[in-house]
Amino acid sequence: MKTFQGRTAVITGAASGFGLETARIAAREGMNVVMADVQADALERAAEEIAKSANSATAVLPFRLDVSKAADVEALAAATVERFGAPHVVFNNAGVGAGGLIWEHSARDWEWVMGVNVMGVAHGVRVFTPLMLEAARADTAYEGCIVNTASMAGLLNPPNMGVYNVSKHAVVSLAETLYQDLALVTDQVTASVLCPYFVPTGIHQSHRNRPREEAATKPTRSQRVAQAMTSKAVESGRVSAAQVAGLVFDALRARRFYIYSHPKALAAVQTRLEDIMLARNPTDPFADKPEIGAELRAALPACPTLKAVK
């Protein structure tokens, strides 16, 4: 993408983390910024900040929504078009985190995480892609990109993070397919996928926005362990959300599909792909850091047979 000045960005999950940092950069670049989030109070504060810091050419449109609901995303698109016309960059960024042994996730766990992480992205792609393609047909100078936020958990399968892993693998697959599908019909609109590792954002506090009736469910031991370990890893991350947002804009300029916050983590991805190609059993994810594996195993309730074997 050659320029951002005067163009429009739509950002879900815009009230915190990657979304907010993306909005800050978009405003500095002179873009119109549509900020969407489920948390009304945080969205109001974030939109006020962006509006005050933006240059005179920037306009800010806050929009409260639940990305898991098709009608909400459709309403977001309608409001965007009415105010600014078709957007140039859509950041399908909203996401939630949840961990625990995969068989301990309730039906509601699956519905909540998949609803936000997968259907939220799917709705964004379904609703905004046709608008962007129409804009491209009408203007040969139009450039557009859809950026879907996945995770390194979309390329790996760390234990005790089952429902999250599944959702993020789906986002990677969706983004790769979108890229290929767009390439069949246009060279003016493309796609990218963001795969961050542990970065200090609010995702480890996702439960704050969980539907009230679901939040009342008492977490299992493995889920409490996952929450504690994820919080520790996220809060100790050395790459900031602002740095990652900067990498996203660098990728937009370079028309680059894969965006990584921690390229060194790709060694584990290579190992996983070798496991697949060689048909060997999955490699121990803690082979290089056995102390973390030992900590996790000690924290989880072991089956009697496992104790006997030891």
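**Exercise 1. Which residues form the nonpolar patch on the surface, and how is L273 classed by accessibility?**

Keep in mind that this is a predicted model.

Step 1. The patch consists of L273, I276, M277 and L278.

Step 2. Class L273. L273 has 42% relative accessibility, so it is partly exposed.

**Exercise 2. Classify the ring pair F4 and F249, and find which parts it ties together.**

Step 1. A ring pair is described by the distance of the centres and the angle of the planes.

Step 2. The count of aromatic pairs is 5. For F4 and F249, the centres lie 5.1 Å apart and the planes are at 65 degrees. Planes over 60 degrees apart count as edge-to-face, and this pair is edge-to-face.

Step 3. F4 sits in the segment before β1 (8-12), while F249 is in helix α8, so the pair ties together parts 245 residues apart in sequence.

Step 4. Check the cover: F4 and F249 are both buried.

Step 5. Turn to the ring cluster. Ring pairs link Y179, F257, Y258 and Y260.

**Exercise 3. Locate D250, and state how far its C-alpha atom is from that of M1.**

Step 1. D250 belongs to helix α8, residues 241-254.

Step 2. D250 has a relative accessible area of 39%, so it counts as partly exposed.

Step 3. The C-alpha atoms of D250 and M1 are separated by 9.5 Å. Along the chain, D250 and M1 are 249 residues apart.

How values were computed:
Residues numbered from 1 in each chain as written. Predicted model: local features only at pLDDT ≥ 70, side-chain atom pairs only at ≥ 80, totals over all residues. Heavy atoms only, no water. Patch = residues over 30% accessible without salt bridge, like charges linked within 9 Å, V, L, I, M, F, W, Y side chains within 5 Å. Areas by Shrake-Rupley, 256 points an atom, 1.4 Å probe, with all protein chains shown as cover. Salt bridge = Lys/Arg side-chain N within 4 Å of Asp/Glu carboxyl O. Buried < 20%, exposed > 50% of the residue type's maximum accessible area, 1.4 Å probe, protein only. Helix = DSSP H or I, 4+ residues; strand = E, 2+ residues; numbered from the N terminus. Phe/Tyr/Trp six-rings, centres within 6.5 Å; stacked < 30°, edge-to-face > 60°.
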